Amino acid sequence: MRFLLFVVVFVLSGCGSVNNNTDTSHSSGYQGQGKQEFSAQPYKRWQQSGDHVLWVDATHSTIIISVFKAGTLARIGHDHVVVVHDLKGAIDESKGIGDFSFLLTNMAVDEPYYRQLMHLPPGISKSAREGTRNNMLNKVLFADQYPVVTLHAQILKDNPGYVGLTINLHGVTQKKIIAYQKIKQNGHIHITGEAVLTQTQFGIKPFSVLSGALQVKNQINIQFNIEILEQKINNTIY
């Protein structure tokens, strides 16, 4: 029995499995987007033409993704925190749009600082973190086929404080309206907010074994804190 539980916990660290029967035909407008990162060129042109363009400072921006365990045997699994550190992008405030991207392979899993920040128990070993990350990238997200996540934001003029967000992940495109705040603090500008997504929205079947006694919740929580720059400093921020 102990060996069985060990195997189950190891598999659970993958945080889900892909439903290969999911119909992703609605993402046809984004074919090929899985390998296309954010392009700064349009935003440079718009800035040169007089638009007010803000640039993401990747070194001080994060997206934090919380993934939760569930089921009657949840006690033998782990909640996980996944962090995006390399967000690229820009916002054209004149046009009311923004575009962003990040590489799945650069995401970090269960870093001690972020586990503490999200009030999760410490003590996840380096090998366990690497195992979770490898399973997530190779068995769930197929990062070799879909290495890039892209996001397009559209300011909602009739609904201040909200944006329409188009998300392309794993070859599937979904749209969501989310709230955000723009905060100026100590000379820096931050855009912050939260969102809730489900794995099944993107063709991912939440992991479940033992008739659901051990599973990963379909719902994942997203928190973002994006620091933006009034002017592009140099090409290294891309």
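I began with His-170, which I found in the loop between β9 (162-169) and β10 (172-179), where helices (H or I, at least four residues) and strands (E, at least two) are DSSP runs numbered from the N terminus. The model is a predicted one, in which local features need pLDDT of at least 70 and side-chain atom pairs count only at pLDDT 80 or more, while totals for chains, interfaces and linings use all residues. Residues are numbered from 1 along each chain as its sequence is written, and side-chain values use heavy atoms, with hydrogens and water left out.

Most residues other than glycine have a negative phi. Is His-170 buried or exposed? Its relative accessible area is 10%, so His-170 is buried; the term means under 20% relative accessible area, with exposed meaning over 50% and partly exposed in between (1.4 Å probe, protein chains only). I then looked up His-119, whose phi is also near 60 degrees and whose place is in the loop between α3 (112-117) and α4 (126-140). His-119 has 74% relative accessibility and therefore counts as exposed.

**The whole protein.** I recorded 4 helices and 15 strands, and buried residues make up 47% of the 238 residues. Of the contacts (heavy atoms within 4.5 Å) with a separation of 6 or more, 68% are between residues 24 or more positions apart.

**Strand β12.** I turned to His-190, which is found in strand β12 and counts as buried because its relative accessibility is 15%. The side chains of His-190 and Asn-225 are joined by a polar contact of 2.9 Å, that is, a pair of N or O atoms within 3.5 Å, of which, within protein, one must be able to donate a hydrogen and the other to accept it, and residues adjacent in sequence count only if both atoms are side-chain atoms. Thr-192 lies in strand β12 (residues 188-198) as well, and is buried with a relative accessible area of 17%. Leaving aside neighbours within four places in sequence, I found Thr-192 in contact with residues including Tyr-180, Phe-224 and Asn-225.

**Strand β15.** Gln-215 has its place in strand β15 (residues 214-229) and counts as partly exposed at 26% relative accessibility.

**Aromatic rings.** I listed 4 aromatic pairs, taking rings of Phe, Tyr and Trp (its six-membered ring) as paired if their centres lie within 6.5 Å, with planes under 30 degrees apart counted as stacked, over 60 as edge-to-face and the rest as tilted. Phe-38 and Tyr-43 form a tilted pair, 5.8 Å centre to centre with 45 degrees between the planes, and both residues are buried. The rings of Tyr-113 and Tyr-114 have centres 4.9 Å apart and planes at 90 degrees, so this pair is edge-to-face. Tyr-113 counts as exposed at 52% relative accessibility, whereas Tyr-114 counts as buried at 13%.
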